[in-house]
Amino acid sequence: MKDGRGNICPVTIIMPTLAMLAKQDVENGCQTPIEEIFLKILDKKIHEAKEMLLERFEHICSQSPESAKFMYENHTMLGYHPEEGIRSALKHGTLVIGQLGLAETLQILIGCDHTTEKGMELAIKIETLFKRRCAEFKKEYSLNFGVYYTPAENLCYTAMKKFKAKYGEIPNVSDREYFTNSMHVPVWHEISVFDKIDIESQLTGYSSAGCITYVEVPSGVKNNIDALETIVNYAMDKDIPYFALNIKLDMCQDCGYQDEMNDTCPQCGGHNIQHLRRVTGYLTGSYKEAFNLGKQQETEQRVEHIH
Ligand SMILES: [Zn+2]
């Protein structure tokens, strides 16, 4: 059962950096198991994220209703009572604690990600901590704290740049230009559409403030609607809250021809091609213009999940 959401502001925790801190503790002779060290560091950061969210929420609530007049006058956010100030409406929104790079985090901690049984076991412990803390904060502050599976449109790249500068290139952790979106299966992982849904559906239930599961399908699937229906039904049976099929759609800006293509239009030979992709939740224009180098590389390294 989902709580619903209307995110006021997010704070995202870059988990691979915390995993490196835990690893250093072990290397420095700490006898506590690495998982326990990590969960303790993570817990501290979740509490810090909560404090940051409260500070931001107070700042937002201190704004005049005139700063978003349309919103309050037209009940875009329900519950506004002028005599109580804008807090009366904003308190219904969600304050969200996000996460980046579960797959890389698990690689650092235990040498495998959540596509393995061992990795999934630890993944569930991590997500349980997020969920439990948000439930506690919600009760304590009477505000809607929630767990957010951050798409990290920019952070995937900026966090990786800082990570590499500090720790260098580590295989399956920092040998690319981006960290993996939230708890997603890494995009380069060869896996079937059903296995991807099986894995991610074990974790989506922990996120009360937004998540997406998508699968990469070849553009030829438009000729096989039954296959599409089977995949969608499978995802719905696994209780995926937000499911998307990613299909490459390119358009020639010269003649209007649409299909999957490289840099040359098969109809007119033009090179003015727009590459439409679902990079995160939304369909945007050409991903090569709308996203940074990290998400561009992520998009290019995605493997298809049906053949
Ligand atoms: Zn053309």
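His305 lies in the segment after α11 (293-301), with helices (H or I, at least four residues) and strands (E, at least two) taken as DSSP runs numbered from the N terminus. The model is predicted: local features need pLDDT of at least 70, side-chain atom pairs count only at pLDDT 80 or more, and totals for chains, interfaces and linings use all residues. Residues are numbered from 1 along each chain as its sequence is written, and side-chain values use heavy atoms, with hydrogens and water left out.

- His305 is buried, with a relative accessible area of 6%; buried means under 20%, exposed over 50% and partly exposed in between, with a 1.4 Å probe and protein chains only.
- Leaving aside neighbours within four places in sequence, His305 is in contact with Ile191, Ser192, Val193, Lys196, Val215 and Glu216, where contact means heavy atoms within 4.5 Å.
- Rolling a probe the size of a water molecule over the atoms shows where empty space is left.
- On a 1 Å grid over the protein atoms alone, a cavity is a set of points where a 1.4 Å probe fits but cannot get out, and a pocket is an open set with protein on both sides within 12 Å along at least five of seven lines; lining residues have an atom within 4 Å of a point.
- Two cavities of 30 Å³ or more are present in the structure; grid points are joined across faces, edges and corners, and a volume is the space filled by probe spheres set on the points.
- The second largest cavity holds about 50 Å³ of space, and its lining consists of His184, Val185, Pro186, Val187, Lys196, Tyr214, Glu216, Arg302 and His305.
- That lining has four nonpolar, two polar and three charged residues; Ala, Val, Leu, Ile, Met, Phe, Trp, Tyr, Cys and Pro count as nonpolar, Asp, Glu, Lys and Arg as charged, and the others, Gly among them, as polar.
- The largest cavity has a volume of about 100 Å³ and is lined by Glu216, Asn246, Ile247, Lys248, Arg277, Arg278, Thr299, Arg302, Val303 and Glu304.
- Two or more residues of the lining of the largest cavity come from each of β5 (243-247) and β8 (273-278).
- Six charged residues, two nonpolar and two polar make up the lining of the largest cavity.

- The largest pocket contains about 340 Å³ of space.
- It is lined by 17 residues, and those closest to its centre are Thr12, Ile13, Ile14, Thr17 and Leu18.
- β1 (7-14), α1 (15-27), α2 (34-61) and α7 (155-167) are the elements that give two or more residues to this lining.
- α7 supplies the largest share of the lining of the largest pocket, seven residues.
- Ten nonpolar, three polar and four charged residues form the lining of the largest pocket.
- The second largest pocket contains about 240 Å³ of space.
- Of its 13 lining residues, Arg5, Tyr148, Pro151, Tyr242 and Gly281 are the closest to its centre.
- The lining of the second largest pocket divides into seven nonpolar, four polar and two charged residues.

**Ala152**

- Ala152 sits in the loop between β3 (144-148) and α7, and is buried, with a relative accessible area of 4%.
- Apart from neighbours within four places in sequence, Ala152 is in contact with Leu100 and Lys295.
- Ala152 and Thr12 are 140 residues apart along the chain, and their C-alpha atoms are separated by 8.4 Å.

**Helix α5**

- Nine of the nine residues of helix α5 (residues 102-110) are buried, so the helix is largely enclosed by the rest of the structure.
- The cover over its buried residues includes α1, α2, β2 (94-100), α6 (117-141) and α7.
- Gly111 follows α5 and has a positive phi, near 80°.

**Whole chain**

- The chain has eleven helices and nine strands.
- Its radius of gyration is 21 Å, close to the 19 Å that the globule rule gives for 307 residues, so the chain is as compact as a globular protein of that length; the radius is taken over C-alpha atoms, and the rule is 2.2 Å times the number of residues to the power 0.38.
- Along the principal axes, the C-alpha atoms fill a box of roughly 60 × 60 × 40 Å.
- Of the 307 residues in the chain, 48% are buried.
- Among contacts with a separation of 6 or more, 65% are between residues 24 or more positions apart.
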